[in-house]
Amino acid sequence: MKRTILTVTTSLAVVVARVSDIATTVHFNPSLSREANPLVRWLGANIETLVLSNILGVFLLALWPLWFYWRYPAAALPL
């Protein structure tokens, strides 16, 4: 039960942080002309690409490892 609460809380915190970042970026700079994100600055990505990359990044770097933490118990280290 502890792992479930920790996993859900951490997942929600990461998702809320990323959504807040995108929302403030779009609110204060809708044209993305002052965005420092490398996808926007160097590759010329638009807001849809930025949102898609954030969804993919959050899933691969945060939610997927958290799912493994929640799903599988820790293995005992051989001594």
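Leaving aside its neighbours within four places in sequence, which residues is Thr 7 in contact with? The partners of Thr 7 are Leu 66, Tyr 69 and Trp 70, where contact means heavy atoms within 4.5 Å. Let us keep that trio in mind and walk through the rest of the chain.

A word on the ground rules comes before the tour. This is a predicted model, in which local features need pLDDT of at least 70 and side-chain atom pairs count only at pLDDT 80 or more, while totals for chains, interfaces and linings use all residues. Residues are numbered from 1 along each chain as its sequence is written, and side-chain values use heavy atoms, with hydrogens and water left out.

Now for the overall layout. The protein chain has 3 helices and 0 strands, in the order α-α-α along the sequence. Helices (H or I, at least four residues) and strands (E, at least two) are DSSP runs, numbered from the N terminus. With a radius of gyration of 17 Å, well over the 12 Å that the globule rule gives for 79 residues, the protein chain is more spread out than a compact globule. That radius is taken over C-alpha atoms, and the rule is 2.2 Å times the number of residues to the power 0.38. Along the principal axes, the C-alpha atoms fill a box of roughly 55 × 25 × 20 Å.

Of the 79 residues, 18% count as buried; buried means under 20% relative accessible area, exposed over 50%, and partly exposed in between (1.4 Å probe, protein chains only). The accessible surface of the protein chain is about 6,300 Å², and 73% of that belongs to carbon and sulfur atoms. These areas come from the Shrake-Rupley method with a 1.4 Å probe, and for residues only the protein chains shown count as cover.

How do the helices meet? Helix α1 (residues 2–28) packs against helix α3 (residues 47–71) at an angle of about 170 degrees, with the axes 10 Å apart. This makes α1 roughly antiparallel to α3, a label for angles over 145 degrees, whereas those under 35 count as roughly parallel, 65 to 115 as roughly perpendicular and the rest as oblique. The axes are lines fitted to C-alpha atoms, for helices over the stretch in contact, and angles run from 0 to 180 degrees between N-to-C directions. Among the residues making the contact are Thr 7, Val 15 and Ile 22 of α1 and Asn 54, Val 58 and Trp 70 of α3. By class, the contact has 13 nonpolar, 5 polar and 2 charged residues. Nonpolar covers Ala, Val, Leu, Ile, Met, Phe, Trp, Tyr, Cys and Pro, charged covers Asp, Glu, Lys and Arg, and the others, Gly among them, are polar.

Thr 7, in helix α1, is buried, with a relative accessible area of 8%. Val 15 also belongs to α1 but is partly exposed at 34%. Not counting residues up to four places away in sequence, Val 15 touches Val 58 and Leu 63.

Met 1 sits in the segment before α1 and counts as exposed, at 76% relative accessibility. Finally, look at Leu 32, in the loop between α1 and α2 (38–41). Leu 32 has a phi near 60 degrees, a positive value in a residue other than glycine, and is buried, with a relative accessible area of 8%.
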